[in-house]
Amino acid sequence: MTPHPTLSGRTGRAARVALLAGISLMAALIIEATSARAGDLVVRYDQSQLLRLPRPANEIIIGNPSIADVTIQGGDLLVVTGKSFGVTNIIALDAERNVVQDQRVIVQRDDQRVVTLHRGSVRNSFTCTPACSPSLIVGDDAAYFEVIHKSSEKKAKFSDASAESGANGGGQ
């Protein structure tokens with residue numbers, strides 16, 4: 001009986017070496033794709049950066065709106081908010097549909113204030129400024145993420161209700 005061929009006919013140790021080489025190459029390509037270059041706008045996850053354009057823009061196109069969001073503050077000032085990790089671009093067009101700017105945007109973690117707890121394959125994140133509190137970061141354990149998400153929603157609803165009652169004369 002012959003061994004079952006894997007990875008282009010390789011078996012055993014050769015297959016593992018080829019697999020590890022492939023994984024290393026993929027990791028290098030991912031790092032290269034997300035490495036900031038001169039001129040890139042680096043935005044931290046759940047934070048915003050200002051981007052001043054050389055002249056006013058009338059239309060903004062976002063390559064991947066799930067990675068970054070953009071709002072126009074005046075004609076030549078954009079607020080770019082990191083929504084998820086990754087790389088995308090923003091294209092600003094003027095009234096004649098000429099490109100004002102084509103800007104690559106990289107959304108990264110703010111590692112200076114984030115502590116990540118790994119328990120086997122389970123990851124939980126905390127924001128520590130100076131005390132640590134649970135944080136919602138894409139890629140965390142699904143059950144942990146859901147509990148923190150629900151708590152955040154409850155807090156936001158409570159804050160909204162308090163703000164409304166204050167705006168209506170204290171609920172009187």
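**View 1. R123 and the residues around it.** R123 touches R109, T116, L117, H118, I137, V138, G139, D140 and D141, leaving aside residues up to four places away in sequence; contact here means heavy atoms within 4.5 Å. This is a predicted model, in which local features need pLDDT of at least 70 and side-chain atom pairs count only at pLDDT 80 or more, while totals for chains, interfaces and linings use all residues. Residues are numbered from 1 along each chain as its sequence is written, and side-chain values use heavy atoms, with hydrogens and water left out. R123 is found in strand β9 (residues 122–128); helices (H or I, at least four residues) and strands (E, at least two) are DSSP runs, numbered from the N terminus. With a relative accessible area of 17%, R123 is buried; the word buried stands for under 20% relative accessible area, exposed for over 50%, and partly exposed for values in between (1.4 Å probe, protein chains only). The side chains of R123 and D140 make a polar contact at 2.8 Å. A polar contact is a pair of N or O atoms within 3.5 Å; within protein, one must be able to donate a hydrogen and the other to accept it, and residues adjacent in sequence count only if both atoms are side-chain atoms.

**View 2. An open sheet of four strands.** Follow the strands in the order β1-β7-β6-β3 and you have traced this open sheet, whose pairing is mixed. Its edges are β1 (41–44) and β3 (59–62), each with a single partner strand, so one side of each is left without a neighbour in the sheet. From one strand to the next, the twist averages 25°; axes are lines fitted to C-alpha atoms, and angles run from 0 to 180 degrees between N-to-C directions. β1 pairs with β7 (residues 99–108) in the parallel sense, over four bridges; two strands pair if DSSP finds at least two bridges between them. Look for V42, whose bridge partner in β7 is I106.

**View 3. The salt bridge of R52 and D76.** A search of the whole structure finds five salt bridges, each a side-chain nitrogen of Lys or Arg within 4 Å of a carboxyl oxygen of Asp or Glu. In one of them, the side chains of R52 and D76 meet at 3.7 Å, N to O. R52 is in strand β2 (residues 48–52) and D76 in the loop between β4 (68–72) and β5 (77–82), 24 residues apart. R52 counts as exposed at 55% relative accessibility, whereas D76 is partly exposed at 27%.

View 4. The closest N and O atoms of D94 and R55 are 3.4 Å apart in their salt bridge. D94 lies in the loop between β6 (86–93) and β7, and R55 in the loop between β2 and β3, so the pair ties together parts that are 39 residues apart in sequence. D94 is buried at 10% relative accessibility, while R55 is partly exposed at 35%. R97 forms a salt bridge with E59, with closest N and O atoms 2.5 Å apart. R97 is exposed at 54%, and E59 is partly exposed at 31%.

**View 5. The disulfide of C128 and C132.** The whole structure holds one disulfide, counted as a pair of cysteine sulfur atoms within 2.5 Å. This bond joins C128 to C132, with 1.9 Å from S to S. The torsion about the S-S bond is about 110°, so the disulfide is right-handed. C128 is buried at 16% relative accessibility, but C132 is partly exposed at 48%.
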